[in-house]
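User: Hey, could you walk me through this protein's fold?
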Amino acid sequence: MALALQLGRRGQGRTWPNPAVGCVIVKDGVIVGRGWTQPGGRPHAEPVALAQAGQAARGATAYVTLEPCSHHGQTPPCAQALIGAGVARVVVAVGDSDARVSGRGFAMLQDAGIEVTIGVLAEEAARDLQGFFLKTEQGRPFLTLKLASSLDGRIATASGESQWITGPEARRMVHAMRARHDGVLVGGGTARADDPSLTVRGLGTIQQPVRIVASRRLDLPLSGNLARTAHEVPVWIAHGHDADPLLVDSWAGLGATLLPCDVEQGQLSVRSLLQALGAQGMTRVFCEGGGALAASLLSADLVDELITFEAGLAIGAEGTPSLAAMGLARLAAAPRLRLVSHQQVGADLMAVWRR
């Protein structure tokens with residue numbers, strides 16, 4: 001099952017709206033088939049592993065990270081594929097919360113006389129698949145927030161200089177993180193100030209994540225990197241319902257997808273934003289700021305994982321803080337997360353925090 005989980009992670013950022021599942025088939029103590037959900041979500045992990053196993057699947061044990069699907073969608077049910085291949089036992093990490101599947105995959109297998117074991121490495125699988133579960137149950141994707149700052153929590157000098165606070169090793173790791181998410185999200189202020197490309201670079205030819213910008217007024221440069229490349233790598237822009245229709249038409253003409261969202265207290269609603277991304281099928285989103293968007297997400301308790309990179313330099317109070325004002329009067333009201341891990345990356349310190 002640990003191997004199946006590793007295989008499933010290979011699909012993260014590439015399989016949405018489907019979950020990134022892994023499958024390992026074992027016969028007489030020997031692995032005869034391995035598979036993971038392919039780009040675009042099809043084929044699923046089980047048919048890939050069964051195809052590799054061939055006739056050796058008969059009487060074998062299949063280890064799958066998520067309950068095999070039981071419904072006819074764009075592919076036949078994976079539970080039926082396992083039955084047809086003649087496997088004797090199926091070991092599953094976690095059940096599927098999708099109402100079309102939940103429990104039905106297990107029932108199909110058991111009705112066919114296949115032994116089913118549930119709950120092996122369930123905690124690890126639930127963490128890997130949390131984005132799919134959040135989309136299914138709450139209508140929003142899993143959100144990772146990344147903050148890279150100086151020792152004193154600054155992301156730029158008073159003049160706006162920010163390249164580069166962290167070192168090349170940290171920046172390369174961030175590209176790898178982007179690749180494991182369905183979309184990369186920034187606020188409109190960051191898009192205007194940095195003119196980012198938000199693509200994954202230096203890791204070979206891979207499926208690029210969707211570039212997402214949250215901009216209430218849609219006042220983004222129509223000649224910037226995102227606008228110039230919108231037909232090459234998808235650009236989605238979340239904006240308020242009151243955005244200028246001329247700007248909506250201009251961005252649509254450039255190839256961008258427009259996502260109208262609610263506005264609360266003069267700002268784009270981050271809850272409405274994540275619901276809009278979930279409605280598009282996204283399961284995992286990687287937010288890289290800026291400060292106003294990061295503060296809004298933390299205040300709304302929508303950050304599932306926080307990754308911080310801290311560089312060994314000090315900028316001072318006149319620099320730009322990594323988080324905008326959050327209006328907190330009491331420590332008890334401050335968002336508090338749990339430290340999961342920390343490590344040195346080049347000359348910088350990376351820490352991972354979760355709910």
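Predicted model: local features only at pLDDT ≥ 70, side-chain atom pairs only at ≥ 80, totals over all residues.

User: What order do the strands of the open sheet have?
Analyst: The order is β11-β10-β9-β8-β14-β6-β15-β18-β17, 9 strands with mixed pairing. Strands are DSSP runs (E, at least two residues; helices are H or I, at least four), numbered from the N terminus, and two strands pair if DSSP finds at least two bridges between them.

User: Which strands are at the edges?
Analyst: β11 (257-261) and β17 (338-345), each pairing on one side only.

User: OK, is β8 buried or exposed?
Analyst: 5 of the 5 residues of β8 are buried, so β8 is largely enclosed by the rest of the structure. Buried means under 20% relative accessible area, exposed over 50%, and partly exposed in between (1.4 Å probe, protein chains only).

User: Which residues sit on each face of β8?
Analyst: Gly-183, Leu-185 and Gly-187 are on one side, with Val-184 and Val-186 on the other.

User: And how does β8 pair with β9?
Analyst: In the parallel sense, over 5 bridges. Gly-183 has Val-210 as its bridge partner in β9. On the β14 side, β8 also pairs in the parallel sense, over 3 bridges, and there Gly-183 stands opposite Val-285.

How values were computed
Residues numbered from 1 in each chain as written. Heavy atoms only, no water.
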